[in-house]
Amino acid sequence: MLKKIGILTSGGDAPGMNATVIGAIKAGIALNKDMYVVYDGYKGLIEKNFKKVDKHFIEDKLASGGTAIKTARLPEFKEEEVRKVAVKNMKEEGIEALIVIGGDGSYMGAKRLTEMGINCVGLPGTIDNDIASSDYTIGFDTALNTVVNAIDQIRDTMTSHNRCAIVEIMGNKCPDLTSFASIATNADEVFTCDHPLDDKNALFDRMEEAKRNGKDCYIILVAEKLLDTKELEKELNAKTSWETRLTILGHIQRGGKPTAMERINAVKMGAYAVELLDKGIGGVCIGIHENKLRYVDIYDALKLPRDEHKDLYQLHELIK
Ligand code: ADP
């Protein structure tokens with residue numbers, strides 16, 4: 001019978017990671033397991049940074065962003081020799097299974113460890129929503145609310161000055177934070193890898209027409225890594241009658257109190273991970289699909305195509 005389970009958070013931190021850890025610990029202890037946290041992601045496996053915890057561990061952090069058990073990146077974990085040290089350390093401590101909360105890089109590490117004899121379950125922890133096996137990743141809802149609140153505030157000041165705002169939104173290569181925010185803020189323009197800025201002259205024309213029609217604020221959302229937003233700001237100031245200001249939201253998107261839905265989904269997924277490991281299931285990742293929990297083999301999950309949310313761009317055209 002499975003007795004000792006470890007938990008770690010890996011890759012970029014995301015609000016809701018603490019709630020996931022809490023869900024897993026409580027569910028594990030209810031099933032009579034010994035629960036261990038591993039500090040600093042995979043690095044903690046190499047450094048044997050383990051701690052046996054009781055059911056109250058970090059329960060005061062349910063409403064906190066970030067990850068109380070820390071996260072780190074360890075590129076060397078791709079090497080089998082390095083992973084062997086991790087397996088040896090876990091075996092010495094008696095840890096037989098591991099819950100890994102992170103993105104697709106972390107999932108690969110979890111799959112490789114499973115192949116080396118430690119059953120692992122991956123949980124989707126990232127603000128970017130870039131894990132196709134889950135409709136929502138842990139952190140996305142909170143980050144989306146942070147982005148939307150920031151745009152609402154930017155709109156207040158831009159409207160007062162009759163200005164245009166360019167808002168650059170983080171999301172790695174996944175445009176979901178930008179495309180979802182375009183609907184929630186009724187932005188005038190949205191540019192992402194799925195919906196690029198192909199025709200700048202047409203944009204200038206739309207902006208001038210909006211001004212002629214009496215618009216007192218123009219909001220342009222741009223997903224990070226798509227184009228040089230500083231250049232775009234210069235161009236709009238030079239080639240349109242709109243005074244334009246750029247805001248790059250950056251790391252502010254990562255922090256903050258997880259929303260209620262985030263906490264609920266996170267606790268659910270954490271508890272489900274323990275249930276799967278207890279049944280001897282490993283090498284899989286958990287997702288929420290059509291409002292239900294599901295698990296998928298990690299290799300299959302990583303091959304799933306990303307949802308481009310084409311409907312959102314159509315809806316944006318309709319409502320803007
Ligand atoms: P994320 O999990 O958010 O995608 P990274 O891509 O940085 O973040 O991956 C987090 C960690 O997962 C890496 O620092 C590394 O320790 C581990 N990892 C990434 N890719 C692999 C791989 N192919 N094999 C084993 N471990 C990996």
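**Ligand site and an aromatic pair**

Biologist: Where does the ligand sit?
Modeller: The model is predicted; local features need pLDDT of at least 70, side-chain atom pairs 80 or more, while totals for chains, interfaces and linings use all residues. Numbering runs from 1 along each chain as its sequence is written, and side-chain values use heavy atoms, without hydrogens and water. A pocket is an open set of 1 Å grid points over the protein atoms alone, fitting a 1.4 Å probe, with protein on both sides within 12 Å along at least five of seven lines; sitting there takes more than half of a molecule's atoms within 2 Å of its points. By that rule the ligand sits in the largest pocket.

Biologist: How many residues surround the ligand?
Modeller: A residue counts with a heavy atom within 4 Å. Arg 73, Leu 74, Gly 103, Gly 105 and Ser 106 are the closest, and the total is 15.

Biologist: How far is a polar side-chain atom of Ser 106 from an oxygen atom of the ligand?
Modeller: A polar contact is an N or O pair within 3.5 Å. The side chain of Arg 73 makes one at 2.7 Å, and the backbone of Gly 105 one at 3.0 Å. For Ser 106 the distance is 2.5 Å.

Biologist: Which class is the pair of Phe 140 and Phe 180?
Modeller: Rings pair with centres within 6.5 Å; planes under 30 degrees apart are stacked, over 60 edge-to-face, the rest tilted. The count is 4 aromatic pairs. Phe 140 and Phe 180 have centres 5.1 Å apart and planes at 90°, so the pair is edge-to-face.

Methods:
Polar contact = N/O pair within 3.5 Å; in protein donor to acceptor, adjacent residues only side chain to side chain. 1 Å grid on protein atoms, 1.4 Å probe; cavity = no way out; pocket = protein on both sides within 12 Å on 5 of 7 lines; lining within 4 Å. Phe/Tyr/Trp six-rings, centres within 6.5 Å; stacked < 30°, edge-to-face > 60°.
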